[in-house]
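This report describes how the parts of one protein model are arranged around a ligand and against one another. Please consult the sequence and the structure shown here while reading.

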Amino acid sequence: MSANVYGIDLGTCNLKIFCKGTGNVINEKNTIAIVNKNQLYAFGDDAYAMYEKAPDSIQVSFPVVNGVIADYNNMQMMIGELLEKYAKSHIKGAEFIVAVPTDITEVEKKAFFDLFYKSRFKPRSVLLCEKPIADAVGLDLDVNSPTGFMIVNIGADTTEISVISLGGLVLSDLLHFGGKRIDESIINYLKRNFSLVIGQKTAMHLKETLGCAIAQEEETAETIVGRDVVSGLPIEMQINSSIVYEAIKDPLNTICNSIKIILEKTPPELARDIIHSGIYITGGSSKIKRLDELFTEITNIRVNTCEYPEESAVRGLDKIVSDEKYRRLAFSMKTRIYK
Ligand SMILES: Nc1ncnc2c1ncn2[C@@H]1O[C@H](COP(=O)(O)OP(=O)(O)OP(=O)(O)O)[C@@H](O)[C@H]1O
Ligand SMILES: [Mg+2]
């Protein structure tokens, strides 16, 4: 097995790359900063640091929206820079394996393929793999067995709920709903109830530090800075965890309801397997505290969490290209005929 193999998961919020040569996972914000219409100013975490802070002359944007490539040229520029930054001399003639959401159009899938196939790196091969399958392999599940597994990946812009068996997808639903929507709920809640306007980064910080899916008796608090709608001036305010709980409970219930709908559609023999093995949750937003307990409360099914939820797909891609028994799970856009 050659060392210049790269597993890539282009998320809405984070771009994850697995480099076979080094065995490292790179995780940078999927953000690009442009000046003069098309000149690269910064990318990755550096560009994200400029988000909501840049003057009009610098455009900071996210090239992936709702799980698909929305800005092809910027995405290509950014992935090229990132690969060069980390991989240095080994990219020419490399093999790429890219995770793609399931419930997207063929044209959208082709964009993921072309991004590498038509890149200046002249790849040896470009393979695609459905994200839920990559997640399952990354979670060490025996995907080739005739056993049903339910995987729920809650990312930044998307939540993908899938039932897989025998290395294929039996049911799958891609919701345009994830961590960003939860951040927006916090922003709206504080504006409505406290006349406080906060930025997306502050909302995300509140969610990650205070957010909990179940009402807690013990309160924690954070002091944040926002703008008072009435006076128009910046103010400091202490936000308690119960406030964040109230703000995020509705979007979390939406995810619960979608899981229930997929469970209702699951064939009974596979449902039996899922009850036996539990639901697997992954993706960065699965780190919301006690989310597993909330899902169990609603579905009556045990929920399994994992250690590196943002990276499960990219770690799965590595196993898929390295292990012969999983390799058939990847496909090339050149050989596969689409429905
Ligand atoms: N501790 C935490 N608590 C709650 N949410 C978190 C935590 N850590 C990260 N997140 C959220 O996880 C999301 C990013 O996760 P991930 O990297 O899986 O998304 P993505 O792959 O970029 O998005 P998508 O899969 O929707 O395209 C962000 O919305 C972030 O706020
Ligand atoms: Mg993701």
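**Domains.** The model is a predicted one. The protein divides into domain 1 (5-134 + 312-327) and domain 2 (144-305). A distance of 25 Å separates the C-alpha centres of domain 1 and domain 2. To their contact, domain 1 contributes 17 residues and domain 2 contributes 22 residues. On the side of domain 1 that touches domain 2, helix H4 (residues 131-138) supplies the largest share, three residues. That side of domain 1 comprises five nonpolar, seven polar and five charged residues.

**Ligand 1.** Because domain 1 and domain 2 both give residues to the shell around ligand 1, the ligand lies between them. There are 22 residues around ligand 1, and those that come nearest are Gly11, Cys13, Gly155, Gly179 and Gly284. Two or more residues of the shell are given by each of helix H5 (179-194) and helix H6 (200-210). The largest share, three residues, is that of H6. Sorted by class, the shell around ligand 1 holds four nonpolar, 12 polar and six charged residues.

**Helix packing.** Two packed helices are described by the angle between their axes and the distance between the axes. The table gives these values for two pairs.

| Helix pair | Angle between axes | Distance between axes |
|---|---|---|
| H5 and H7 (residues 241-265) | roughly 135° | within 8 Å |
| H4 and H10 (residues 312-322) | about 80° | 7 Å |

By class, the contact of H4 with H10 has six nonpolar, three polar and four charged residues.

The crossing of H5 and H7 is right-handed. From H5, the contact is made by Arg181, Ile182, Ser185, Ile186 and Tyr189, and from H7 by Val244, Glu246, Ala247, Ile248, Asp250 and Pro251. The residues of this contact of H5 with H7 comprise seven nonpolar, one polar and three charged.

Key. Residues numbered from 1 in each chain as written. Chains lettered and ligands numbered in written order. Predicted model: local features only at pLDDT ≥ 70, side-chain atom pairs only at ≥ 80, totals over all residues. Near = placed C-beta within 6 Å. Helix = DSSP H or I, 4+ residues; strand = E, 2+ residues; numbered from the N terminus. Nonpolar A, V, L, I, M, F, W, Y, C, P; charged D, E, K, R; others polar. Domains from an automatic or database assignment. Axes fitted to C-alpha atoms, helices over the stretch in contact; angles between N-to-C directions. Left-handed = near helix turned anticlockwise from the far one by under 90°. Contact = placed C-beta atoms within 7 Å.
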